[in-house]
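Here is a short briefing on one protein chain. Start with the annotated sites, then step back to the whole fold.

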Amino acid sequence: MSDKTPRSARVTPEEALAYHMEPRPGKFEVVASTPMTTQRDLSLAYSPGVAVPVQAIADRPETAYDYTVKGNMVAVISNGTAILGMGNLGALASKPVMEGKAVLFKRFADVNAIDIELDTEDADEFINAVRLMGPTFGGVNLEDIKAPECFIIEQRLKELMDIPVFHDDQHGTAVICAAGLLNALELSGKKIEDVKIVLNGAGAAGIACLELLKSMGARHENCIMADTKGVIWQGRTEGMNQWKSAHAVVTEARTLEDAMKGADVFLGVSAKGAVTQDMVASMADNPVIFAMANPDPEITPEEAHAVRPDAIVATGRSDYPNQVNNVLGFPYLFRGALDIHARAINDEMKIACAEALAKLAREDVPDEVAVAYGRKLQFGRDYIIPTPFDPRLIHVVPPAVAQAGMETGVARRPIIDMEGYVQSLKNRMDPTAAILQGIHARARQSQARMIFAEGDDPRVLRAAVAWQRGGMGQALVVGREADVKEKLETAGLADAVRELTVVNAANSRHLDAYHEFLYARLQRKGVDREDAHKLANRDRHVFAALMLAHGHGDGLVTGATRKNAPVLAQLGTVFDLRPQDGAVGITAVLHKGRIVMIGDTLVHEWPEAEDLADIATRGAAVARGLGLEPRVAFLSFSNFGYPVSERAVKMAKATEVLDRRGADFEYEGEMTVDVALNPESMARYPFSRLTGPANVLVVPARHSASISVKLLQEMAGATVIGPILTGVPQAIQICSTTSTVNDILNMAAIAAGGLGRGK
């Protein structure tokens, strides 16, 4: 059970520290949401303007939700006494985890969250500190607090405060566990009130799991809890407390092995290896096994299935099906609670969350999720819990939580228009992260041997290491062994040299084949045999392309050390990458929840109407590859023939070309950029064939495309992916000289995912 780093993403201490330090320390910053430029702005933001909402709130406290961020602000609070699986390391050491939790709130549910670390292990001091901060927040998420203090702190704060207080280590795990169990029992043909449940691990999460399942219909006498001292039976005195005692049952079982005999369900929140194959073999038909110990489960799915092929197995790991991941719960629970200005998160709201998650897993999975995971996800034994990146979570779970809160009387401000609320949630999320996640998921599925052509650049080497250690595939680095080793040592990655495959052109055993191949391509273009040999030996871009052409790698990423044009020319000596060959450069620009493709930013210098139609088609293909339904706009300074200009004519003719070709996507033009992107401006042209704002922009020439992208990047801070080289026969992508390590990694992932391939 985890909302932490996936097991498959192995990182070094140096990488982890660099991530938290660059480009500035920490993981988030505070940004003003209102204008702060003129004297008038400052007067409204502070004195004298601020006095007006101050008085309004003093008169009617509930208006704090209208005039401040309280209604969308959660405090993530810990004292560091139970950090991850690392134990009591103190309040200050917990700060990176709490910052991480805060950004997960924002990423998945657009909830603002601030981390607060309290330097005390005294429960009363902790309770009083949180209570006094109550006016600031709309909710409190408690995290990484050891038992039994976590029970005492949460219960007392719930009594004292009139906002939701939620210990995620307890209830987050319980909610996701309950959602998965509902579906597992559905598939097994069993009912929750009839099954025998065994839970191992009598800590905060384990106790919360049993309590929630009992509130959903599981019978007390059918639930056996065990800890390190064995079964918690009625009459046991050793190692007991009031929370364990509440779940003691009359039973002859004294060990976990005894309890597992004939059990329908096993829930584990304990330790690696706690369950043996013999225990699993003794369970009832169609057993359900949730081995949720983090990072290693009580028993692996392979071990369980070896003795019980009929078992449904879930873990806390991202590299196995059915991951019990808290990030499926807490962001959406708080989203729904905040949106009704809830006084609390009660059992009914938690059950509503679990039931909504269970129901969502039974529905048809959207194409963009299937694309992201590289396989079709369908309700069944290996898919009982939705994936964390399912875009429907934000508009399916919070409404269910909010409805339950309204029905149970904890809502200060009930939602009147539920349909409107659902739509507002759909519009709320920035799809940038989902797009990038999809790209990387497809790449991880392909497990490509990625050729990194510029092994003398530290950024490229760091990206290659991240590729290898991130489980993306094999990294092949073109360079000299000694140089690569030295640069890795300087970057604090000395041990990585053993993991990477360094390919040196000077001693490659394939050189003769490369020479003959290149000479055959260039001999009728004024290149003699000796020059072809020198080109293959000395130019790393050409050598890397020859590796790819001969199947000695599956993808190629280059361009971090040279301008796009000469790199494209060198690659063109090995592959057909000219405009007439169908090559097109499409750049994805992501900013404030909007995504647009801009082309051609790489290949076509001055395209004519036929070329523009090709660019539009390639741009539409990239959009679809990213899970978007393409709407193409041919841009100019004129709208549909006015003002008249010879330079705008080709943009209008491009739509005629697509008409003749019978293109299967929306397109329109010529038009100005505001008409293409702004619904109000577009409304002035009711005859437009676009049903919404364009997401593929085709501009008149390469220079205007490049200017547009760089302007958005520099002035607006847009995220830029590309240019994505598309319409080419091989998995090749070209970075820019300003690329960061993440940029290079993204381009490698695009190459591996096949987003640009195809003629």
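For "binding site", an unreviewed UniProt entry lists Ile83, Leu84, Gly85, Met86, Gly87, Asn88, Leu89 and Gly90. UniProt positions follow the numbering used here, feature names are shortened, and annotations may be inferred rather than shown by experiment. This is a predicted model: local features need pLDDT of at least 70, side-chain atom pairs count only at pLDDT 80 or more, and totals for chains, interfaces and linings use all residues. Residues are numbered from 1 along each chain as its sequence is written, and side-chain values use heavy atoms, with hydrogens and water left out.

- Met86 sits in the loop between strand E1 (73-78) and helix H5 (95-109). Helices (H or I, at least four residues) and strands (E, at least two) are DSSP runs, numbered from the N terminus.
- Met86 is exposed, with a relative accessible area of 52%. Buried means under 20% relative accessible area, exposed means over 50%, and partly exposed lies in between (1.4 Å probe, protein chains only).
- Gly90 also lies in the loop between E1 and H5.
- Setting aside neighbours within four places in sequence, Gly90 is in contact with Asn79, Gly80 and Ile83. Contact means heavy atoms within 4.5 Å.

**Other annotated residues**

- The UniProt annotation "binding site" (unreviewed entry) also covers Glu143, Asp144, Asp169 and Asn294.
- Asp144 lies in the loop between strand E3 (139-142) and helix H7 (149-160).
- Asp144 counts as buried, because its relative accessibility is 3%.
- Beyond its neighbours within four places in sequence, Asp144 is in contact with several residues, among them Ile83, Leu84 and Asp169.
- Asn294 is found in the loop between strand E9 (288-291) and helix H13 (301-307).
- Asn294 counts as partly exposed, at 44% relative accessibility.

**The whole chain**

- The chain has 31 helices and 21 strands.
- The radius of gyration is 29 Å, close to the 27 Å that the globule rule gives for 759 residues, so the chain is as compact as a globular protein of that length. This radius is taken over C-alpha atoms, and the rule is 2.2 Å times the number of residues to the power 0.38.
- The C-alpha atoms fill a box of roughly 95 × 70 × 50 Å, taken along the principal axes.
- Of the 759 residues, 52% count as buried.
- Residues 24 or more positions apart account for 71% of the contacts with a separation of 6 or more.
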